[in-house]
Amino acid sequence: MSETTPDPTTAAGAAEGSGGSAATSSTDPATAAAPPNRRAAILRSGLIVAVLFVVFVIILPRYIDYQEVLEAFQDLDPSQFLAVSALGVVAWFASGLVFSALVPGLSPVRGTMSWLILAGIGASIPFGPWNMGVLWVVMRGWRIPNAPATTGIALYGVVNELSRLFLPLMAVIGLVVTGELTGRPNSGTVWLIAAISIVAFVVATVVIVGIVRSERIADWLGRTGQRITEWILRRLGRAGSPDVAGAIHRFRDQFGTILRARGLVSLGLSVVAQISWTIVLIVALRVVGVPESALTPFEIFAVYGLVMVITIIPLSPGGAGVSELLFISGLTTIAGTEYQAAITAGVFLYRLYYWFLPIPLAWILLKVVRRGRSMLPTTAEIKAAASG
């Protein structure tokens, strides 16, 4: 399993298997659509299999009895499973609204389909940003013009990461207001990660807003970034340097209009989507037997926020296995080992909707929307879509 944002995943991540990996940079999705070479595909696939094996076969069985986890699932009644399923569908829809905000002309239904495709392909074919390219080809097939499709998919990663950085601040405020942070184990770690993410969120937001709103600020950031980059490379003994100033101005030219028009709305919708997934996790933990006396909603939200921030760094392709380990260890640290099996069952249930189900749904959607053509784009089709 992997946290992809949808993140989805390296969608940011997202997807999540946003759900989650998802695009996490402003890489041109048209360029990313090119299939990976065989060596890269084998290495990435091997790495994700190795991480899953280590986490689920070696590490977790040392601390968790899978039979107890299975029993927790067996105690679920149909109404509880339907409740979690309904919330999972709502979270899919909320995640898709971010795409609808960033891509003019994309309906909420197609926005949801976009998130599922990005998350599902990113989780099942862990070849870097290729899931961005696949989604880009799908959008072009929906007659979304080249520029809005490219810009919207690329900006999804930026907005998704900003929303993840914002979560610890919300969680800490909730814990402080309710008094739940006082005396809790590892509260210092919570504060540290929250502080780092808040600073990163503020700095990133100020820089992006400055670049978009002011050409003078963009020029200053370009010159400053160029000098810093060249100084670092000289210290490392490397000749030449990337065109930082040019990259900043290209970002402003390509993304400035859509960020000014829809940036704040898309960021707000992305935060709402993250909260929706937190609710799925909370309800999943409750239905498998983790009471509020062991884990309050704000404590679960705090762990969710910390995991989202930590997994911004791709510790494995799409965060495979790492997210589950972080969720289980973080929640168990607060609730105690007596709830470890139930917590594991709850995390697996949440991951069913965030990571697993988007995989078959993505392939089904590709089969439907690309009827008459191969499910994955060919090189000739990519060139035709890019030139069109």
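Predicted model: local features only at pLDDT ≥ 70, side-chain atom pairs only at ≥ 80, totals over all residues.
**View 1. Helix α11, end to end.** Helix α11 (residues 297-310) runs for 14 residues, and its first and last C-alpha atoms lie 20 Å apart, close to the 20 Å expected at 1.5 Å a residue. That expected span is 1.5 Å times one less than the number of residues, and helices here are DSSP runs (H or I, at least four residues) numbered from the N terminus. Of those 14 residues, 11 are buried, so α11 is largely enclosed by the rest of the structure. Buried means under 20% relative accessible area, exposed over 50%, and partly exposed in between (1.4 Å probe, protein chains only). Among the buried ones are Glu 299, Phe 301, Tyr 304 and Met 308.

View 2. Residues are numbered from 1 along each chain as its sequence is written, and side-chain values use heavy atoms, with hydrogens and water left out. The chain's mean pLDDT (the predictor's confidence in each residue, from 0 to 100) is 79, with 75% of residues at 70 or more. Over residues 1-26 the pLDDT is below 50.

**View 3. Helix α7 and the glycine after it.** Next comes Gly 179, with a positive phi near 75°.

**View 4. Around Leu 352.** Leu 352 sits in helix α13 (residues 340-356) and counts as partly exposed, at 24% relative accessibility. Leaving out residues up to four places away in sequence, Leu 352 touches Phe 81, Leu 357 and Pro 358, contact meaning heavy atoms within 4.5 Å.

Methods. Helix = DSSP H or I, 4+ residues; strand = E, 2+ residues; numbered from the N terminus.
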